[in-house]
Amino acid sequence: MPGPTAGPAGDASTASAATATDAAATTDAAAGIADAATTTTTTAAKDWAPGGVGGRATIVVLGGLVALGPLTTDLYLPGLPAIADDLAAEPAAVQLTLTFSMFGVAAGQLLFGPLSDRFGRRPPLLAGLVVYTLASLACVVAPNLTVLIAARFIQGAAGAAGLVIGRAVARDRFEGVAMIRFLASITLISGLAPILAPLFGAQLLRFTSWRGTFGALAALGLLLTLVAFGALRETLPASARRGGGLAATLRTMGGLLRDVPFLGLLLTSTFAFGALFGYISGSSVVLQHVYHVSPQTYSLLFGLNSVAIVASTQLNGRLLAPRYSAATLMRTGLAVLIAAGTFLVLATAVWDLGLVAFCGSLFVMMAGLGIVLPNSAARALSMVSPQAAGSASALLGTGNFLCGAVVAPLSSLGGNPSAVLLAFVVLGCGLLAAASYLLLLRPGRPAPEPAVA
């Protein structure tokens, strides 16, 4: 769920303006970024879309772009068993359509993020949306699982344009509290995607086959292409774009990865996202094959759990962050994630407590992720200037979706879906996220050496 997932969602976790300024200065040095261009970019971007700064049109459009990733992932999930039956494939093999889609999203962010720093936000975004629409149509007519997997990879890669560039645009336009509030508004929209997508997907299956869900994604891609073409203007002026080609891009990314606080937040976000996608990828087959719920019941349970991440994200951004430090919120969210994972393992591997305990544990896990994911992503983005926002956003998104792609098939190892395996995936990812945060963001850690510009 990106969306929430997947995105820098509504975070207000920066402890203070001074802390944010220090962090930004550190990472700018590591990435070889000139601070002087930041003011130029921010000023030029105020006129980006109808409605002015923070206007509703901008929020809705960016929310739709960021939500494209979760919609691509979640809309077809209720149809996974039907795909297996129709294409005569094992459930574990069908899950590769999700795995390769996430590999595509990871690769696409590495492509579109730096491209948006080099050529501006608008051209790569429009190109990605066009390819996404065509790839969705290829999924509709896929004659076998191999073609479907390939089309899903391209669909994920192209859809990554909206995800990574949407975050970069938010960084272009805002800083500090303004950026946090804007991201919170985007998250409120994009966070609805994982709630509504399975519900819509399950209802679509009443009237059409699983191919119809991909037809709906093609229509959405076309709609976003037309809206973006007509409504969205450029947010990164030519004077503020990063030149130097591939070598400069690699230096920027290398500088970011050498920045220990940024790396710590990157890994924390990555492993937390792994817990989320372990749940997303495994819940469909586990709930339907192990607990024998219908596609419609599955979509309702999935939507209920998604409410937890949306509610905790908004609670974090609007009520908790002004009162508690970012470190306190991160530690609390990680503790909730680990506690939920531990109980999930006990409820499935030791006590066999059934469906209620299984879904209840996942609900608590999603609430913890609603604090960890937006805080880690927004804090990391606040460390860079707009000239490197695309590259930073690409690293965050690539790490998230690579981890998600790796953990996606784990709950069906051996060919059979397992609630126990899913529980261990959630707990393992939670422990790795906590270790990354506690080890790499220790107080007093010296700043990294600046990278060569």
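Modeller: Val-406 is exposed, because its relative accessible area is 52% (buried means under 20% relative accessible area, exposed over 50% and partly exposed in between, with a 1.4 Å probe and protein chains only). The model is a predicted one, in which local features need pLDDT of at least 70, side-chain atom pairs count only at pLDDT 80 or more, and totals for chains, interfaces and linings use all residues. Residues are numbered from 1 along each chain as its sequence is written, and side-chain values use heavy atoms, with hydrogens and water left out.

Val-406 belongs to helix α17, where helices (H or I, at least four residues) and strands (E, at least two) are DSSP runs numbered from the N terminus. Although 132 residues separate Val-406 from Gly-274 in sequence, their C-alpha atoms are 8.2 Å apart in space. Asn-400 is also placed in α17, but it counts as buried because its relative accessibility is 5%. Apart from neighbours within four places in sequence, Asn-400 is in contact (heavy atoms within 4.5 Å) with Ser-269, Thr-270 and Phe-273.

Helix α17 covers residues 389-407 and packs with helix α8, residues 145-173, at an angle of about 140°, the two axes being 9 Å apart. Axes here are lines fitted to C-alpha atoms, for helices over the stretch in contact, and angles run from 0 to 180 degrees between N-to-C directions. The two helices α8 and α17 are therefore oblique to each other; angles under 35 degrees count as roughly parallel, over 145 as roughly antiparallel, 65 to 115 as roughly perpendicular, and the rest as oblique.

The passage of α6 across α8 is a right-handed crossing. The contact of α6 with α8 contains 18 nonpolar, eight polar and two charged residues.

The cysteines may be taken next. The structure holds zero disulfides, a disulfide being a pair of cysteine sulfur atoms within 2.5 Å. Cys-429 is in no disulfide, and the nearest cysteine sulfur, that of Cys-403, lies 4.7 Å away. Cys-429 counts as buried because its relative accessibility is 7%.

As to the setting, the protein has 18 helices and zero strands. Of its 453 residues, 59% are buried. Among contacts with a separation of 6 or more, 87% join residues 24 or more positions apart.

Conventions. A crossing is left-handed if the near helix is turned anticlockwise from the far one by less than a right angle, and right-handed if clockwise. Ala, Val, Leu, Ile, Met, Phe, Trp, Tyr, Cys and Pro count as nonpolar, Asp, Glu, Lys and Arg as charged, and the others, Gly among them, as polar.
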